[in-house]
Amino acid sequence: MTAALRFDPIRLPETCEQLRKEVRAFLAEEIAAGTFDPHKPNREDTDAPEFSRRVGAKGWLGMTWPKKYGGQERSFLERYVVTEEMRVANAPTRRFFVADRQSGPVLLKYAPEHIKMEILPRICRGEICFAIGMSEPNSGSDLFAAKTRAAKTDGGYLINGTKIWTSSAHIADYMIAIFRTSQPTKENRRHGLTQFLVKMRQPGIKVNPIGQITGQYEFNEVVFTDFFVPDDHVLGEVDGAWKQATSELAYERSGPERFLETYYVLTELVRAVGPNPDTRSAEGIGRLVAQLHTMRRMSVSVAGMLHAGKEPVVEASIVKDIGTVWEQQLPHRVRDLAAFVEETATNRETLERQLDFAIKTAPKLTIQGGTTEVLRGIIARGLGLR
């Protein structure tokens, strides 16, 4: 092995449990006010700017960041609790989630000071939305095959090319993207990529929505034509973004959102079978809950490693691989168990509606954030198996 694989057993401290109560109370108030319906994951209004600002006002965005940039200097474990509760409640987090999870940490580490002072407090206030520009046509999740070109010009770079499967690009204010600034070398195919901060809705950018079978428009194609990016929007080392992007993915791939995206069908099934399930239902639900608990322990462990300043890239990839395969299969397993639910169950219609949506959305889960095949390649390489 080239790396020691480790999932430290971590228990959430009491401060996290107190915070959990606060988040649940806040979400209950938002639900009561009609901000969102936790039983409708397929709602159209998943972009909720005012809700985003209210979450920011609570101090729950940029929680781990320095106070000088608007953060709270709280722990990754506390942020984990907020993320978990938001995900379980089906809260409309689209506008702030990527910025809080990974774009902000990238800016903290690599952006010039004036960029940090301008943008990070706005993320913490829930005012702006970020997208991630990584995947490209004909390259899928192979980040190092990126061809979108950033050519040096006076005062900056001209961008030409296309990004695809870019979540939330149609509402994003900024994108953090990987562009090719020089060709790879024979010794290192990862060489030649540079990370940039891109201000969206500017001349030279065209966003084309990509429809899904669910009827939603979450993904996008983003086309750059002679788009200018100034020099001070380069993030980190020119031609060396592969090192930055690899550590960034530890943030993207390890959180509870990687196994809770279809969780709502499991809770709805539990409601449907009631307090006295038959043996088959009890056994099936018990198995699913045990699997969920195991993934959660692994995910919390990664959060603890991030809090300790580590870069658990392999562990995060394992969480994402196991988690997304599980949440992709979950609607089908619940559907099998639901066949034995009484027709008189009060939430039978809600369960069937949720299953219809979850089964349609499930195929994307092992693609977004890195395909299963690419993840397993990262895991194998990290363990010295390839």
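This is a predicted model: local features need pLDDT of at least 70, side-chain atom pairs count only at pLDDT 80 or more; totals for chains, interfaces and linings use all residues.
Residues are numbered from 1 along each chain as its sequence is written, and side-chain values use heavy atoms, with hydrogens and water left out.

So who does D321 pair up with? Its side chain meets that of R376 in a salt bridge, at 3.0 Å from N to O (the rule: a side-chain nitrogen of Lys or Arg within 4 Å of a carboxyl oxygen of Asp or Glu). D321 sits in helix α9 and R376 in helix α11, so this pair ties together parts that are 55 residues apart in sequence. Helices here are DSSP runs of H or I with at least four residues, strands are runs of E with at least two, and both are numbered from the N terminus. R376 is partly exposed, at 47% relative accessibility.

## How α9 and α11 pack

Two packed helices are described by the angle between their axes and the distance between the axes. For α9 and α11, the angle is about 145° and the axes are 9 Å apart. The axes are lines fitted to C-alpha atoms, for helices over the stretch in contact, and angles run from 0 to 180 degrees between N-to-C directions. The crossing of α9 and α11 is left-handed, meaning that the near helix is turned anticlockwise from the far one by less than a right angle (clockwise would be right-handed).

Which residues of α9 and α11 meet? On the α9 side they are V313, V314, S317, I318, K320, D321 and V325, and on the α11 side T372, L375, R376, I378, I379 and G382. Contact means heavy atoms within 4.5 Å. By class, the contact of α9 with α11 has 7 nonpolar, 3 polar and 3 charged residues. For this sorting, Ala, Val, Leu, Ile, Met, Phe, Trp, Tyr, Cys and Pro are nonpolar, Asp, Glu, Lys and Arg are charged, and the others, Gly among them, are polar. The buried residues of α11 include T372, L375, I379 and G382. Following α11 comes G384, which has a positive phi near 75°.

At 30% relative accessibility, R333 counts as partly exposed. Leaving aside neighbours within four places in sequence, R333 touches L288, Q291 and W326.

What do the buried residues of α10 pack against? They pack against α7 (264–273) and α9. Among these buried residues are L351, L355, F357 and A358.

## More charged pairs

Side chains of opposite charge can pair when their charged atoms come close. The salt bridge count comes to 27. One of them joins E30 and R54, whose closest N and O atoms are 2.9 Å apart. E30 lies in helix α1 (residues 14–32) and R54 in helix α2 (residues 49–57), so the pair ties together parts that are 24 residues apart in sequence. Is E30 buried or exposed? E30 is buried, with a relative accessible area of 8%, whereas R54 is partly exposed at 33%.

E261 and K364 form another salt bridge, with closest N and O atoms 3.0 Å apart. E261 is in the loop between α6 (241–253) and α7, and K364 is in the loop between α10 and α11 (372–382), 103 residues apart. E261 is buried at 16%, and K364 is buried at 10%. Elsewhere, E17, R20, R24, E84, E85 and R296 are linked in a salt bridge network.

## Two loop residues with positive phi

Most residues other than glycine have a negative phi. N90, in the loop between α3 and α4 (94–110), has a positive phi near 60° and is buried, with a relative accessible area of 3%. W165 also has a positive phi, about 60°. W165 lies in the loop between β3 (156–163) and β4 (174–180) and is partly exposed at 45%.

Conventions:
Buried means under 20% relative accessible area, exposed over 50%, partly exposed in between (1.4 Å probe, protein chains only).
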